[in-house]
Amino acid sequence: MLAKELKKIAVYAIFLAILLVPMLGFPTPQFQPNRPLIVLGILVGLLVLNLVVKFVRKDKEGAAAGPGLVELVSRRLGRYPKWLTLGGLVLLAALFPLAANNYMIDVGITCLIYVCLGMGLNIVVGLCGLLDLGFIAFYAVGAYTYSLLNLTFGLNFWACLPIGIALGMTVGCIIGYPTLKMRGDYLAIVTMGFGEIIRIVLNNWTELTSGPNGLFGQAPPPGINVSLGGDDGFGIALGQLTTLPSMYYLILFLAIITIVGVSRLNDSRIGRAWIAIREDETAAELSGVPTTWIKLLAYALGAAFASVAGGFFAAKLSYTNPNFFLFMESCIVLCIVVLGGVGSIPGIIVAAIVLIAVPEVFRELENYRMLAFGAIMTIMMIIKPEGLIPAARRRRELHEAELSAQEED
Amino acid sequence: MAEPILEMRDVHTYYGNIHALKGISCTVAQGDIVCLIGANGAGKSTTLMTIFAQPRARKGQIFFKGEPIHKLTTEQIAARGVAQSPEGRQIFPRMTVMENLEMGAYMRNDKEGILKDLDYVFDLFPVLKDRRNQTGGTLSGGEQQMLAIARAMMSKPDLLLLDEPSLGLAPKLVERIFETIIAINKEGTTIFLVEQNAHIALTNSHTGYVMETGQIVLEDQAQKLLTNEEVRKAYLGED
Amino acid sequence: MDNTAFILQQCINAIFLGSIYALIALGYTMVYGIIELINFAHGELFTAGAFIGVIVLTALQSAGFVESHFVLSLIITFGLAMAYVAVLGVSVEHVAYKPLRNSSRLSALLSALGMSIFLSNGMMLAQGVSDRAYPDVFGISGLEFLGARITYGQIFILLLAFALMVALQLFVQKTKLGKAMRATAQNKPMSRMLGINVDRTIRTTFIIGPGLGAAAGVMVGLQYGAVRFDMGFIFMIKAFAAAILGGIGSIPGAMLGGLIIGGVEVMWAAFLPSAWKDVTTFTILILVLYFKPSGLLGTNVSEAKV
């Protein structure tokens, strides 16, 4: 059994090594044979470690093989009740700026933006099972809505928010409508196409968006301005949010609303309808779920959350341009949802922190970030498709599928 | 009784958590026609598919020509000399009749032998010869049935598994098919067939098995089963 | 240049671009046909082919080999690129797709996407973010008729693309392995019961599809003079649109789709604001999927399984 598994990993490693050959950089001056070797070492090392843990633990479980490393990590993370995980995270997040410098707060803000995006995409991919590869388009809609309304009409952030949400939902429905008939992979390509169309429009409709130059000068949102030292000293005042901590608290507030909203939706009638569609669309339709509307609603709500995040993003930077909304951004958000656990709220929060903050901490690894994201996506699908902190429902389904798949093999 | 070519010992098969075969044991003697009858959902087709490891038996053993095959892959089992005309015929719809037959002979490399067998199956089913360049999807149900049997024959199997050869065919055609099955058997191919049409199956077989809800409940010479009181009541529609 | 010449020139360009799209689309359509998965990494395999091409051709040129053995050096370039990318394709299949053959479609799709991101960033690390220039081996000499021109390089590329497509069609229609591939695509369990090694036919698909993609990569490099690590993305969408338009799973469909997409793109760029030309491709893609998901030459079989 162990020998067989090891042989499997060895064969796997050979193919993996071939995949890493393009990284050699041959024959350019950057020829660096150690780079792919390191990546290969890490990946194979993970597989072997996973296996070793499996066999070390096997006696305890009394089964043929125990849980692997990934499984163990996941169990540890999943051990705490959901409210405890969430409550702990919120408390930590609220206290975080007190202990952090500006750079760390900035990273925190980015993390929270991705939490919002991940939550939105979670509705579409995780709950409804529709693979959306153009999700970042809704983020762009939010950013540009706020920028244009603020710059042209001087509307403030809070006034723009409902307009942004409405526009995001509208675009979501426009994109969602033609894809309703499609399933699975076709949908992925079409949403990817839509995402690119929106970016091309932003790039080329120069009269409105000033094209690749972008828009700048957006006013920061008004609200409770918090300063925690530095030049501004300590203080809380009403007015425009000029300090980083106050921006941080604003996005934290938005993220909490998003999280609460999504988890309420998850437990609602609509949430169950989404899951029914994900499991078996035909069966859902036959049991009276109005699949067309429910699917459109998934797109619209997902888009609404992304649009809010987009509005905040533009307000925080006072700048936006089409190149913030590349396909790769959609992939990052997707990776967060996948790593955390499709349909799992705490999972997505943890994954957003891991995937966004960790690369920031190890700046020298910046170039390897997307490489790692790609590898994580594939590896997670192979060893633990339900993600690190799987939603309870999802976990059951996938393992049942696995069982029957083994039968067929 | 001749040597068994196929022997199943206490075979259990599951679909997910559904226990489909609950300990099947049966033997198929070399050179015989053996039939397996039973109601819809009794597990007849599952028995045939389990021989091909689709799905694989979770428990029990299957021997073919005295060697265990329950751990082999489907391809390896086919290579040992088993062929099947499966449930639903499974014709390749976008390949011509000719190509379907060529796929039947996929494992063979003797060109002359293949051509000879092609003539042989065209003799058995002349209609296939007329339709040789038509795609499988355009054939009628009866023609597809013939093609499925012919395709299985093309691998020159020692054991031919037939799943409901009479299904959906006109009575006249059913007789034709069974005549052909007997002809194939006379050429030396052992046949294990599954039928709902118990009467015609038993009339044309040497041995019969009766299946109910995943288990074999009766086994005997086919002639004796035809006169068996229970079988007559349950499967032959007589009082 | 008068009007007829201009239009004729655009037609040449359209056929040229269309053939390249068709070659890439074949990779998608074959893989989709056999395992019903969009091989997202195909665009990256195409780019890898282009990079091998530039590396080999530069080396040959600096050794003076291109001057002395022009045709041979082209053969070496295309051969190496195709062979290498075929190995790469098989590896992608083994690493990312094979373990997921019994999993849900979403898992397989995400794994494919992961592979695409992984390869694209691996190439970026190795080859940098800027364009790499292709050696200009063909020059600008060519044929001229009715005011339009076609360079010898373009003629060579067109002939090669055509030859590859004919060879593929012959392989799939006439050889035993090719037929086994079609059988596998249509019914895997039955194919296995006939003794067809399904894993091997799938592997073959991952040799041929990426191999053709690599040839297209070298062609793009030769024609447009440069390669970049992320050029696969836009070609991927175009080629995928071509595969869908022609009917996914259909080899002649991919060829036809490629020509149409190439034609529309070139004509749009010639007569309408070219910045929007990519939007037309996406629009065609969406319209086809909405109104006729089986495509022009496709069967409904694959759609039923989607």
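Predicted model: local features only at pLDDT ≥ 70, side-chain atom pairs only at ≥ 80, totals over all residues.
In chain C, helices α4(C) and α9(C) cross in a right-handed sense.

Helix α4 of chain C covers residues 70-97, and its axis comes within 7 Å of the axis of α9(C), at a crossing angle of roughly 140 degrees. That angle makes α4(C) oblique to α9(C). On the α4(C) side, the residues that meet α9(C) include C:Thr77, C:Phe78, C:Met82, C:Leu88 and C:Glu93. Among their counterparts in α9(C) are C:Ile202, C:Arg203, C:Phe206, C:Pro210 and C:Val218. Sorted by class, the contact of α4(C) with α9(C) has 14 nonpolar, six polar and two charged residues.

Helix α9(C), residues 198-224, also meets helix α2(C), residues 42-62; their axes come within 7 Å and cross at roughly 55 degrees. The two helices are therefore oblique to each other, and α2(C) passes α9(C) in a right-handed crossing. From α2(C), the contact draws on residues including C:His42, C:Leu45, C:Phe46, C:Gly49 and C:Gly53. From α9(C), it uses C:Gly209, C:Pro210, C:Gly213, C:Val220 and C:Gly221, among others. The class count for the contact of α2(C) with α9(C) is 11 nonpolar, eight polar and no charged residues.

| Helix pair | Axes come within | Crossing angle |
|---|---|---|
| α2(C) and α9(C) | 7 Å | roughly 55 degrees |
| α4(C) and α9(C) | 7 Å | roughly 140 degrees |

Let's move on to chain A, which has 18 helices and four strands. Of its 409 residues, 47% are buried. Among the contacts in chain A with a separation of 6 or more, 70% are between residues 24 or more positions apart.

Where chain A touches chain C, the contact takes 50 residues from chain A and 47 residues from chain C. On the chain A side, α1 (2-20), α9 (184-204), α15 (327-340), α17 (369-383) and α18 (392-408) each supply at least two residues. The largest share of that side, 12 residues, comes from α9(A). By class, the side of chain A that touches chain C has 34 nonpolar, nine polar and seven charged residues.

**The sheet of chain B**

In chain B, six strands form an open sheet with mixed pairing, in the order β6-β7-β8-β3-β9-β10. Strands β6 and β10 (215-221) of chain B stand at the edges, each with a single partner strand, so one side of each has no neighbour in the sheet. On average, neighbouring strands of this sheet are turned by 15 degrees against each other, direction ignored.

B:Val82 has B:Leu159 as its bridge partner in β7(B). In regular strands, side chains alternate between the two faces of the sheet. In β6(B), B:Val82 and B:Gln84 point one way while B:Ala83 and B:Ser85 point the other way, and all are buried.

Elsewhere in the sheet, β3(B), residues 33-38, pairs with β9(B), residues 207-212, in the parallel sense over five bridges. Here B:Val34 stands opposite B:Thr207. Helices cover this sheet too: α1(B), residues 44-51, lies across β3, β6, β7, β8 (190-195) and β9 of chain B, running at about 150 degrees to β7(B). Helix α7(B), residues 171-186, packs on the sheet as well, touching β3, β7 and β8 of chain B, and its direction makes about 155 degrees with that of β8(B).

**Where chain B meets chain C**

Which residues does B:Met103 contact, leaving aside its neighbours within four places in sequence? They are B:Phe92, B:Arg151, C:Lys179, C:Ala183 and C:Leu194. B:Met103 lies in helix α3(B), residues 97-104, and has 26 other C-beta atoms within 10 Å, so the residue is buried. B:Met103 and B:Arg151 are 48 residues apart in sequence, yet their C-alpha atoms are 7.4 Å apart in space.

Overall, the contact takes 20 residues from chain B and 15 residues from chain C. Helices α2 (74-81) and α3 of chain B each supply at least two residues of the chain B side. By class, that side has 10 nonpolar, six polar and four charged residues.

Terms used. Residues numbered from 1 in each chain as written. Chains lettered and ligands numbered in written order. Axes fitted to C-alpha atoms, helices over the stretch in contact; angles between N-to-C directions. Parallel < 35°, antiparallel > 145°, perpendicular 65-115°, else oblique. Left-handed = near helix turned anticlockwise from the far one by under 90°. Contact = placed C-beta atoms within 7 Å. Nonpolar A, V, L, I, M, F, W, Y, C, P; charged D, E, K, R; others polar. Buried ≥ 20, exposed ≤ 12 C-beta atoms within 10 Å, placed from the backbone. Pairing = 2+ DSSP bridges.
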